[in-house]
Amino acid sequence: MGVTYKYFGAPDGATAARVPQTMRPEELGGDELGMGGLFTKIKPETVAAMVLTGIEGIPLHKVPPLELVVLHPDYAVVKLPMTVVDPLRGVGEESVGAAAFIWSTVPDRGGPRDAFNVYQLLHEWQDFSHRLHENGHQAYCLVWP
């Protein structure tokens, strides 16, 4: 098994922190957790690095840390900086393709990822960032084993 990440939008940290202890993937997605969130096996730190290094050109060592909202023995909720979410709304197809190619060459635990898979993932994130912006929400991630 592994760790599962559910990215969702919330208007503030207090709302994001109200995640029930027994929450499981099939139970997520109500109004408070933002319909149309993202499930993935990709860590929030990796997403932040992918966007900021691949699209914004920020060196990896300058990627800001995530903000811990809740740390519970069964789960955690972290907030992604808006500097990670906002850049995706304004970039075009060329930038997404270039970022996907760059990120596909970065080895991770499973080896480099296919550039097309990264490209699709960045497009999902782009759609997600638009939904967050339209709802006036910030990006959060629920992490549980």
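How many aromatic pairs does the structure hold? This predicted model holds 4 aromatic pairs.

**Aromatic pairs**

A pair of aromatic rings is described by the distance of the centres and the angle of the planes. The table gives these values.

| Pair | Centre to centre | Angle between planes | Geometry |
|---|---|---|---|
| Tyr-7 and Trp-125 | 4.7 Å | 75° | edge-to-face |
| Trp-125 and Phe-128 | 5.4 Å | 90° | edge-to-face |

Trp-125 and Phe-128, in contrast, both lie in helix α5, 3 residues apart, which is about one turn of the helix. Together, Tyr-7, Trp-125 and Phe-128 make up one aromatic cluster.

Tyr-7 is buried because its value, 0%, is under 20%. Trp-125 is buried at 3%, and Phe-128 is likewise buried at 3%.

**Met-50**

Met-50 sits in helix α2 (residues 44–54). With a relative accessible area of 3%, which is under 20%, Met-50 counts as buried. Apart from neighbours within four places in sequence, the residues in contact with Met-50 are Ile-55, Trp-103, Val-118, Leu-121 and Leu-122. The C-alpha atom of Met-50 is 8.9 Å from that of Ile-102, a residue 52 positions away along the chain.

Methods
Residues numbered from 1 in each chain as written. Predicted model: local features only at pLDDT ≥ 70, side-chain atom pairs only at ≥ 80, totals over all residues. Heavy atoms only, no water. Helix = DSSP H or I, 4+ residues; strand = E, 2+ residues; numbered from the N terminus. Buried < 20%, exposed > 50% of the residue type's maximum accessible area, 1.4 Å probe, protein only. Contact = heavy atoms within 4.5 Å. Phe/Tyr/Trp six-rings, centres within 6.5 Å; stacked < 30°, edge-to-face > 60°.
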